[in-house]
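The following paragraphs lead the reader through selected features of one protein structure. Please keep the sequence and the coordinates at hand while reading.

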Amino acid sequence: MSQKHIIITGSSKGIGRETGRILAQKGHRVTAIARSEANLNQLKDENPELVFALPMDITGKNAGKELVGHLKNNSLTVDAIIHNAGLLINKPFMELTDEDWEKQFMVNLMGPVRLTRALKSFFSDRAHILCISSMGGFQGSSKFPGLSAYSATKGALSVLSECLAAELAEYNVACNSLCLGAVQTEMLEQAFPGFNAPVLASEMGAYISDFILNGHHIYNGQILPVTLGNPG
């Protein structure tokens, strides 16, 4: 397989970090995005020739311009982007404020919207957009108290992936969504304190790294559950 360039948001820890590490180990170039510059540099230090560290806030109005500037400065096209960054506010519905909802939507939906929109002219032929959603946003799955805002925004992200597959078809760009079940990450611990997930971040990272490279040859516009069961 030829070398690809893949952008991953939320790359400073958990699934995003593991996915970036594995893709670089496979010989692909990775632009790792997160707010924590120190954590990104640690990832870059593991494979400095292949990993670009791009510290930025994807919710910022200039996030798209920052990303485009990075691509131009390094003469990069985009073979794939993984919208992995996510925010989880665990709070009962009646206690959620408008600010809570706005924060959830800015990270989980508007961040991917803005970055994807900015990348239109940089996508390579047969590029792949992958949205990392959640079983909480998968229709018909079990739902859990305290996760209404998180689940609603992840559901919106999944539907966005269906829409992007239709709208970007003329540019030969595919888009899919993976709805992840329980994976052992800091975010899971926040949602379900004390719960031990059956899947490690490194295991999910290996799955996602393969899917971003090959999944769009079989799937497009699909919302796919990736889970062993509840909680999702």
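Helix H1 and helix H7 (residues 201–214) pack at an angle of about 55°, with 8 Å between their axes. Here helices (H or I, at least four residues) and strands (E, at least two) are DSSP runs numbered from the N terminus. Axes are lines fitted to C-alpha atoms, for helices over the stretch in contact, and angles run from 0 to 180 degrees between N-to-C directions. The angle makes H1 oblique to H7; angles under 35 degrees count as roughly parallel, over 145 as roughly antiparallel, 65 to 115 as roughly perpendicular and the rest as oblique. The crossing of the two helices is right-handed, a term used if the near helix is turned clockwise from the far one by less than a right angle.

The model is predicted: local features need pLDDT of at least 70 and side-chain atom pairs count only at pLDDT 80 or more, whereas totals for chains, interfaces and linings use all residues. Residues are numbered from 1 along each chain as its sequence is written, and side-chain values use heavy atoms, with hydrogens and water left out.

On the H1 side, the contact with H7 is made by Gly14, Ile15, Glu18, Thr19, Ile22 and Leu23. H7 contributes Ala201, Ser202, Met204, Gly205, Ala206, Ile208, Ser209, Ile212 and Leu213. Contact means heavy atoms within 4.5 Å. The residues of this contact divide into 9 nonpolar, 5 polar and 1 charged; Ala, Val, Leu, Ile, Met, Phe, Trp, Tyr, Cys and Pro count as nonpolar, Asp, Glu, Lys and Arg as charged, and the others, Gly among them, as polar.

H1 itself covers residues 14–25, and its 12 residues reach 17 Å from the first C-alpha to the last. This is close to the 16 Å expected at 1.5 Å a residue, the expected span being 1.5 Å times one less than the number of residues. Because 10 of its 12 residues are buried, H1 is largely enclosed by the rest of the structure. Buried means under 20% relative accessible area, exposed over 50%, and partly exposed in between (1.4 Å probe, protein chains only). Among the buried residues of H1 are Ile15, Arg17 and Glu18. Glu18 has 19% relative accessibility and therefore counts as buried; leaving out residues up to four places away in sequence, Glu18 touches Ala201, Ser202 and Gly205.

Ser12 is found in the loop between strand S1 (5–9) and H1, and at 12% relative accessibility Ser12 counts as buried. Apart from neighbours within four places in sequence, Ser12 is in contact with Arg17, Ala34, Ser36, Asn39 and Leu40. Just after H1, Gly27 takes a positive phi of about 95°.

Most residues other than glycine have a negative phi. Which residue of strand S5 (residues 123–134) is of interest here? Arg126 lies in that strand and has a positive phi near 65°; its 40% relative accessibility makes Arg126 partly exposed. Asn172, in the loop between helix H5 (148–167) and strand S6 (174–180), likewise has a positive phi, near 60°. Asn172 counts as partly exposed at 33% relative accessibility.

The account ends beyond H7. His217 is placed in the loop between H7 and strand S7 (223–226) and is partly exposed, with a relative accessible area of 48%. The C-alpha atoms of His217 and Leu115 are separated by 23 Å, and the two residues are 102 residues apart along the chain.
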